[in-house]
Amino acid sequence: MNSGEKQSLIKAVNEASPEGLRQFIINQAQFDPTFFRDVTAQFGDLDTDAELVQTKKLIQSTVRKNKSYGFIDYQGCIVVCNVLDDVINKYMLRFRQGHYHHAMNGLLLVVETAAKMLSDADSSSGALTDTFDRVFGSMKNLSTNIAPEILESQKEIVIKDVVRVFKRKIFAGWPEQRYQVLYNALPLITPKSAKLAQSASRAVIKAADEGFETTQSEIYDKVLHARILIQLGEQSDAEKFMDEHKTIPQIREVEIQNAIQNKNYVRAEELCLEASKQDQGWRRIWERYLIKIYDATD
């Protein structure tokens with residue numbers, strides 16, 4: 001909708017009578033199932049279980065139509081990802097309407113579907129990467145915003161659902177995407193759910209194939225531990241742990257991010273310059289952080 005159309009809509013609504021709007025909504029909702037659910041989600045009682053079932057059926061139907069001999073081709077991957085992007089939009093609307101847990105479960109459906117496509121779809125278009133970026137960004141947005149609003153017990157229920165997806169075998173061979181599931185829900189972590197997440201991480205490492213998957217999972221597990229300590233406010237323990245493991249670039253990056261977050265720019269610069277001399281492979285990344293530091297400190 002362009003700005004002219006938006007202004008025209010606002011004018012029409014402002015000039016409509018309350019009874020006229022009421023009748024329009026009732027009539028439209030009778031013939032438009034999507035509009036009906038949006039109205040009930042905003043003003044009434046949304047049947048969240050039914051909506052999740054319907055979303056699953058939509059995703060499964062789309063995947064089935066675009067899969068041939070167990071594989072989704074280039075164009076099919078784009079079609080499926082477009083549907084997944086629409087699902088993300090719908091469940092972020094549910095988040096804004098106050099259906100927090102339901103919204104996270106909808107986003108997790110997208111994560112699970114995208115994870116299955118990692119091994120059986122032609123993702124060379126970049127559509128799958130974009131969908132992962134969008135759903136993980138939405139999870140972080142949701143988690144950050146609802147953290148101050150919900151009880152510790154409610155946070156633990158959401159993290160339990162996140163951990164369930166994190167542990168699924170569909171991520172076998174894809175440790176980076178697996179751990180992003182947990183990372184982007186960390187604003188909701190509690191001391192109790194932290195133990196659950198770290199226990200799940202150890203189980204995943206134990207079950208991983210030897211070699212790349214195990215090595216990478218062990219690195220991501222350390223990053224998880226550092227981020228949990230930071231999230232729980234255990235700053236001194238986090239700094240000690242990160243300093244002990246700063247030879248791992250991913251840990252050093254978390255330490256730099258933490259220093260910048262705490263406006264400890266001298267320490268952040270020191271970590272970047274030290275790494276830039278030692279690790280040429282990550283040099284561009286350290287230089288990007290230096291630019292942030294120098295922009296912030298003029």
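Arg-168 and Glu-112 form a salt bridge in this predicted model, with their closest N and O atoms 2.6 Å apart. Arg-168 sits in the loop that runs between H8 and helix H9 (175-183), while Glu-112 belongs to helix H6, so the bridge ties together parts that are 56 residues apart in sequence. Arg-168 is partly exposed, its relative accessible area being 29%. Glu-112, at 9% relative accessibility, counts as buried because the limit for that class is under 20%.

Glu-112 also forms a salt bridge with Arg-164, where the closest N and O atoms are 3.8 Å apart. Arg-164 lies in helix H8 and Glu-112 in helix H6, so this pair links parts that are 52 residues apart in sequence. Arg-164 has a relative accessible area of 41% and is partly exposed.

Lys-67 lies in strand S1 (residues 67-68), so the pair ties together parts that are 53 residues apart in sequence. Asp-120 counts as buried at 18% relative accessibility, whereas Lys-67, at 34%, counts as partly exposed.

| Salt bridge | N to O distance |
|---|---|
| Arg-168 with Glu-112 | 2.6 Å |
| Arg-164 with Glu-112 | 3.8 Å |

Over the whole structure, a search finds 13 salt bridges. Shared partners join Asp-243, Lys-246, Arg-252, Glu-255, Arg-267, Glu-270 and Glu-274 into one salt-bridge network.

Helix H8, which carries Arg-164, also packs against other helices. Two packed helices are described by the angle between their axes and the distance between the axes. For H8 and H9, the axes come within 9 Å and cross at roughly 180°. Angles over 145 degrees count as roughly antiparallel, so H8 is roughly antiparallel to H9. On the H8 side the contact involves Val-162, Val-163, Val-165 and Phe-166, and these meet Arg-178, Tyr-179, Val-181 and Leu-182 in H9. Sorted by class, this contact has 7 nonpolar residues, no polar residues and 1 charged residue.

The axes of H8 (residues 152-166) and helix H10 (residues 191-207) also come within 9 Å, but they cross at roughly 10°. That angle makes H8 roughly parallel to H10. H8 contributes Glu-152, Glu-156, Ile-159, Lys-160, Val-163 and Phe-166 to the contact, and H10 contributes Pro-191, Lys-192, Ser-193, Leu-196, Ala-197, Ala-200, Ser-201 and Val-204. By class, the residues of this contact are 8 nonpolar, 2 polar and 4 charged.

Of its 298 residues, 44% are buried. Counting contacts between residues at least 6 apart in sequence, 67% join residues at least 24 apart. The C-alpha atoms fill a box of roughly 70 × 50 × 40 Å, taken along the principal axes. The accessible surface of the protein comes to about 16800 Å², and carbon and sulfur atoms account for 51% of that area.

Methods. Residues are numbered from 1 along each chain as its sequence is written. This is a predicted model: local features need pLDDT of at least 70, side-chain atom pairs count only at pLDDT 80 or more; totals for chains, interfaces and linings use all residues. Side-chain values use heavy atoms; hydrogens and water are left out. Axes are lines fitted to C-alpha atoms, for helices over the stretch in contact, and angles run from 0 to 180 degrees between N-to-C directions. Helices (H or I, at least four residues) and strands (E, at least two) are DSSP runs, numbered from the N terminus. Angles under 35 degrees count as roughly parallel, over 145 as roughly antiparallel, 65 to 115 as roughly perpendicular and the rest as oblique. Contact means heavy atoms within 4.5 Å. Ala, Val, Leu, Ile, Met, Phe, Trp, Tyr, Cys and Pro count as nonpolar, Asp, Glu, Lys and Arg as charged, and the others, Gly among them, as polar. Buried means under 20% relative accessible area, exposed over 50%, partly exposed in between (1.4 Å probe, protein chains only). Accessible areas come from the Shrake-Rupley method with a 1.4 Å probe; for residues, only the protein chains shown count as cover. A salt bridge is a side-chain nitrogen of Lys or Arg within 4 Å of a carboxyl oxygen of Asp or Glu.
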